[in-house]
Amino acid sequence: MSSGPPFGGGMAGAPPIGQVYGDSFASTSSNSAFGGAVHPYSQQPQHSQYADFQQPSLLSHTPAPPGPPLAFRQQQQAPLQQSRLPAAFPTNAGPSLTPVSGAIAPASTWKYPRRPDVGTAGRQIQVRANFFPILNFPKTMIHHYDVAILPDVPPAKNRRIYQIWEQALKSGKWKGPNLGLGPSSVPQPADLGDRPFIPPVFDGRKNVYSIQDLGLPEGIDSVYELDYFEDEEAKVRGGRKFTMAIRKVGEIDMQRLAAFLEGRTGETPYDCMAAMDILLRHRPSLTYTTIGRCFYTADSATTIANGAQLWQGFHQSVRPAQGQMLINLDVSATAFYQPGPVVEIVARILGRHDASELRTPLNERDRQKVEKALKGLKIVVTHRGQIRRKFRISKITSTPANRTMFALEESGAETSVAGFFQSKYNHTLYFPHLPCLVVGDPARQVFLPLEVCDIMAGQRHLRKLNEKQTAEMIKFTCQPPHVRSNKISAGITLLQQRDNEYLRDFGVQIGHEMAIVNARVLPAPSISYHPASKEPIITPREGAWNLRDKMVAQGVTIRSWSVIAFGQEHDYPIGAIQKFVTLLVQTCEECGVFIANRQPPISYANPHGNIEKALIDAYMLGGQSFSERPQLVVCILPNTGVPLYAEIKRVSDTVIGVATQCVQAKHMFAAKRQYCANVCLKLNVKLGGMNSYLSNTQLPFIAERPTIIIGADMTHPTPGSASNQSIAAVVGSMDAQCSRFAASIRVQKGKSDSIRDLSGMIIELLKTFYQTCGAKPERMVYYRDGIADPHVAEVLAYETAAIRQACDTLEPGYCPTITFVVVQKRHHARFFPIRKEDSDRSGNILPGTAIAHGVTHPSEFDFYLCSHPGLQGTSKPTHYHVLLDENKFTSDGMLELTYRLCYLYCRATRSVSVVPPAYYAHLVAARARFHAFGEGTWELPATKDHLIFTKKSASAAAAAEPYVASPLTPVGGMATGAEFGDNLHTSLSSLSLSSIQSAQIPSVAAAAGGKPGASANVPPTPWNGRKAKDGPVRVMNYGTVKEELSRVMYFM
């Protein structure tokens, strides 16, 4: 393999510039957004990767480090002339007003590419997978019924109500009246003749499946009234009345599933798979607490901080594979509220040991904390003996029980809650100084003292776990591979899949041994560092390496910087800080990052004070000390709390425009050379350097022709958040080594999984690619993360159309080939090595282990790849699914490209678990959330037609909400023309929400003549069908990333 520098030499046999790009661009139309007929690199030297793909230097102000040969220094460090865009290049061009050429198929008819070949790269091994084979499944018809139960209740109660109906139907002793909306008589088991009654299965919502016809006519409702009793007390008070309507929907031919698994048809029989899934889930759902696809039990519950506990359970789903159906079973854990006396839970919420420490009234801050934690929980009263009424907490009083007054119904006299319990129940309160619970409708003012209430078991903790709870959750769920494997094997029995009468009645048989599948271990690539290093090329072992005897490929020089410690001097002595700075400087210089000024000014700031002023002061102090604009501010933090870190990044990114490096105080006090080396990697890329690269021959797909690798991600608000703003981030590579990326950010309202302004974002990336490389990308690989399974088809159709629209907007007829790959980390597939030589030191499968058969799709192009070394717990592979492949990848080609890219994550000396473009997109989106400022504004929830973007679009008279991070935020490595950058970094402060109330997706609105969804070429935005929240939602304002940071990987 070639070990030359990343910008020199090129590939052997590469054609000259005129043959590669000169001919194809000489005839470019003058009205193209990419420019006129003159190729911008026609005067450039011809020694770069793509012959005319020369990288603009980010470090023209930075002297080259001593040591490398002159030739390397010239190729790596010499500033390159920035290619100017032709005058015809419309820097503010938006999506075209003409439809995309070529129809885009609707999502419902999209055909995914089939697996091209078997693939042979790598060493063949076998691994055990947490999939269990379904040995037999029904081959006959399954009868499908639709059920509606009113009033609406949760699935667990629906199942109990359904069982009442099923038992009556089974016994023939139905006593409830038929309301006449269906058949004149209720079907009885006698209607089945001599055949025994086979109980149907129910999903807890609306679907019932039966192996035999229940005798109900198709398309007509049969309506029944049911009396439901929650408990013995309810039988005394009287049960609730429920109405159940059931009708036959149709019949499901299970032979279609067999044909699909055998590859005789490409049509996925979703109805057959849904029936199998509900059949396998029915029995566990009656026994365990069910959340989504997981079943939980309190048998092994573990108490954690602040009144929560962790339950362990199992995730179960049904997956199709080559020639068979499989059950995917994995261990799972989630948080529940700890059951028990409310007063004890309040003590834990407040960090006390027990209720005896609650000796004084709660202050307002503690009261609000308790109310936020308890609001909405169900409680049961304990002061009335056997009568245990249940209520839901609506709020907490602001006064204690001995001062919370209300009027008695009989006399109208006012009394306190404490006095009422003394006189009515002869119950003297032990905690009269604590507030009361307000239960039920707040207007009714039903008060209950904390000490007479118990929190009911089995209530899921939906709020975000705090830092301490999260740490305990990680410890609870982190299990070595052999422990996890044993628990999964036991789970198939625990979920009663071995002795299950429902499966037996349907003729289903489950294998009870994990599937053994074929896998391959791909070889690790060779990673190149600076040629002056003692070890310039390294081939990692087990996915990891170190920086010993290595210098970064392209190092920066730091001349002006400062240090700020958020704390007091007695907490962080000046001597300790100086000692850390000295070690950091020494380590950086050993790694090829040169620091001209070894003694930066050190200042202190209050971590709870004005962070913006403190950072500005530290920045000015650094500039005054060195008479030069500071390049870096190192921040020493007292803890890992998010608020301080987020404010530092908001100020540095959007107010000052300087790179910051945060360091925890505990690491500063116990600094080691390895820690400082890791900090050095981050500093180098934040300031524009490059840490390592792969030789040209190891990325042939990218090296052969101009190719852009794109990563995209969408992050939604956390559960319980008052905001409905999602952040979309798209990054694209800007060189042939995939070491430099540009990024584009949008904030949009609603939780749609599609990136609504993807067309505009792709336009920005393509312009930057052309400006940086002097060529249009001929090929694209689009790694898309953050898609929920039900919306994959819609997102594929919409975003592919948006990419096409962007290309056609820049130049009519410009149509690079696209490969669309969905990146999925939220799955439950795990793989366990069988032989010791196929495992790493942690007992996990080796980095580079790929599984493309046995547990993957019967015919489509997908694979699992474990690209990272195991640290603790069980390694989680990433699932890649190729949904569109115009580049005609082979199985080995896609696997090797994806795996080798995982070694190019710039801030670690380990391969990462997700392909870096998708990883970077996630980081950009996460960083953008820190740029929110102020309290925001409150608005009514947006509907699917109120689409909000973050920048103006030529095709939709739409402005953005009062945010925006830079529409063009380069992730690193590229230089942009001043005019180009000025036009893209447009201030949005003057835009109002009223100007975008009718805004549509730019490409869609243009193609459909302003009517969203009317174009056959561009499908409408998929909408996930979630109900909008009642009441207003918070709309945050976001700052804009400063131009000074737009050319570096500021977010790393």
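Of the contacts in the chain between residues at least 6 apart in sequence, 76% join residues at least 24 apart, a contact being heavy atoms within 4.5 Å. The structure is a predicted model, in which local features need pLDDT of at least 70 and side-chain atom pairs count only at pLDDT 80 or more, while totals for chains, interfaces and linings use all residues. Residues are numbered from 1 along each chain as its sequence is written, and side-chain values use heavy atoms, with hydrogens and water left out.

The secondary structure comprises 24 helices and 42 strands, taken as DSSP runs numbered from the N terminus (helices: H or I, at least four residues; strands: E, at least two). The chain has 1052 residues, of which 58% are buried; buried denotes under 20% relative accessible area, exposed over 50%, and partly exposed the range in between (1.4 Å probe, protein chains only).

A search of the whole structure gave 25 aromatic pairs. Rings of Phe, Tyr and Trp (its six-membered ring) are paired if their centres lie within 6.5 Å, and the planes are classed as stacked under 30 degrees apart, edge-to-face over 60 and tilted for the rest. Phe406 and Phe420 form an edge-to-face pair, with 5.5 Å centre to centre and 75° between the planes. This pair links distant parts of the chain, as Phe406 belongs to strand β15 (residues 405-407) and Phe420 to helix α9 (residues 417-425), 14 residues apart. Phe406 is buried at a relative accessible area of 19%, whereas Phe420 is partly exposed at 22%.

Phe741 and Tyr920 also form an edge-to-face pair, at 5.2 Å centre to centre and 70° between the planes. Here strand β33 (residues 741-749), which holds Phe741, is linked to helix α22 (residues 916-929), which holds Tyr920; the two residues are 179 residues apart. Phe741 is buried, with 1% relative accessibility, and Tyr920 is buried, with a relative accessible area of 2%. Both rings belong to a cluster in which ring pairs link Phe741, Tyr905, Tyr919, Tyr920, Tyr1050 and Phe1051.

Charged side chains were also found over aromatic rings, the criterion being NZ of Lys or CZ of Arg within 6 Å of the ring centre and within 35 degrees of the ring normal. Lys139 lies over the face of Phe137, at 4.2 Å from the ring centre. Arg779 lies over the face of Phe701, at 4.0 Å from the ring centre.
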